[in-house]
Structure formats: C-alpha cells, structure tokens
Amino acid sequence: MAASAQASRGLTALFKRGWNEIPEVVGTTVIAFIGLGLSGIGLLNYYRKDCDNRRYKLNYVVMRPDDPRAAKIRND
C-alpha cells in the first residue's frame with residue numbers, strides 16, 4: 001500500500017526524494033541533460049548552416065564549377 005502512495009505523488013516527489021538521498025547523482029544528471037541539449041542545438045546549427053567548410057585541409061580537392069559544393073566555398 002505504501003508503494004502505491006509513493007507512486008501517486010508524481011515526478012516531483014521522486015525528484016525531491018532523490019535530491020535528499022543522492023544530491024550528487026541528481027545534480028550531475030541535470031547538468032548532463034543541459035549539456036546534451038546544448039550539444040544538440042550546436043549540432044543542429046552546424047548542419048543547418050552547412051558548416052563543413054574546413055579552412056585547413058591536408059589534401060587538395062579539385063572541384064568542377066558545376067559542383068554544388070563549389071558555390072559554398074569561402075575565402076577566409
């Protein structure tokens with residue numbers, strides 16, 4: 001009966017109980033979720049702006065003028 005009473009309190013009660021018992025794990029989990037969210041936003045911006053234009057390459061690349069990648073080359 002006690003287990004069903006604990007389950008009915010919801011996620012906030014579980015968070016408070018976890019914060020009181022193991023604050024290091026709960027705090028680290030929150031920071032990890034924030035980091036994953038920021039990484040996802042950064043990756044989304046990277047692919048949205050087509051930022052695969054590397055300044056320094058080890059090998060030369062020859063592109064034809066009709067290649068769609070040729071229009072995206074920047075002179076930095």
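**Exercise 1. Where do Phe 15 and Trp 19 both lie, and how many residues apart are they?**

Solution. The model is predicted: local features need pLDDT of at least 70, side-chain atom pairs count only at pLDDT 80 or more, and totals for chains, interfaces and linings use all residues. Residues are numbered from 1 along each chain as its sequence is written, and side-chain values use heavy atoms, with hydrogens and water left out.

Step 1. Helices are DSSP runs of H or I with at least four residues, strands are runs of E with at least two, and both are numbered from the N terminus. Phe 15 and Trp 19 both belong to helix 2, where they are four residues apart, about one turn of the helix.

Step 2. Rings of Phe, Tyr and Trp (its six-membered ring) pair if their centres lie within 6.5 Å; planes under 30 degrees apart count as stacked, over 60 as edge-to-face and the rest as tilted. Two aromatic pairs are found in the structure. For Phe 15 and Trp 19, the ring centres are 6.4 Å apart and the planes stand at 25°, so this pair is stacked.

Step 3. A residue is buried under 20% relative accessible area, exposed over 50%, and partly exposed in between (1.4 Å probe, protein chains only). Phe 15 is partly exposed at 44%, and Trp 19 is partly exposed at 44%.

**Exercise 2. Classify the pair formed by the rings of Tyr 46 and Tyr 47.**

Solution. Step 1. The ring centres of Tyr 46 and Tyr 47 lie 5.4 Å apart and their planes are at 75°, so the pair is edge-to-face.

Step 2. Tyr 46 has 33% relative accessibility and counts as partly exposed, whereas Tyr 47, at 59%, is exposed.

**Exercise 3. Identify the salt bridges and describe the exposure of their residues.**

Solution. Step 1. Side chains of opposite charge can pair when their charged atoms come close. The rule used here asks for a side-chain nitrogen of Lys or Arg within 4 Å of a carboxyl oxygen of Asp or Glu. By this rule there are two salt bridges.

Step 2. One joins Glu 21 and Arg 17, at 3.3 Å from N to O. These two residues are four apart in helix 2 (residues 11-21), and therefore about one helical turn separates them. Glu 21 is exposed at 55%; Arg 17 is partly exposed at 45%.

Step 3. Another joins Arg 64 and Asp 66, at 3.5 Å from N to O. Arg 64 is exposed at 61%, and Asp 66 is exposed at 59%.

**Exercise 4. Check the span of helix 3 against its number of residues.**

Solution. Step 1. The expected span of a helix is 1.5 Å times one less than its number of residues.

Step 2. Helix 3 (residues 23-48) has 26 residues and should therefore span 38 Å; its end C-alpha atoms are 37 Å apart, which agrees.

Step 3. Just after helix 3, Asp 50 adopts a positive phi of about 55°.

**Exercise 5. Summarise the chain and the confidence of its model.**

Solution. Step 1. The protein chain has three helices and zero strands, in the order α-α-α along the sequence. Of its 76 residues, 4% are buried.

Step 2. pLDDT is the predictor's confidence in each residue, from 0 to 100. The chain averages 81, and 76% of the residues score at least 70.

Step 3. Confidence is lowest in helix 1 (residues 2-8), with a mean of 58, and highest in helix 3, at 94. Where pLDDT is low, the predicted coordinates should not be read in detail.
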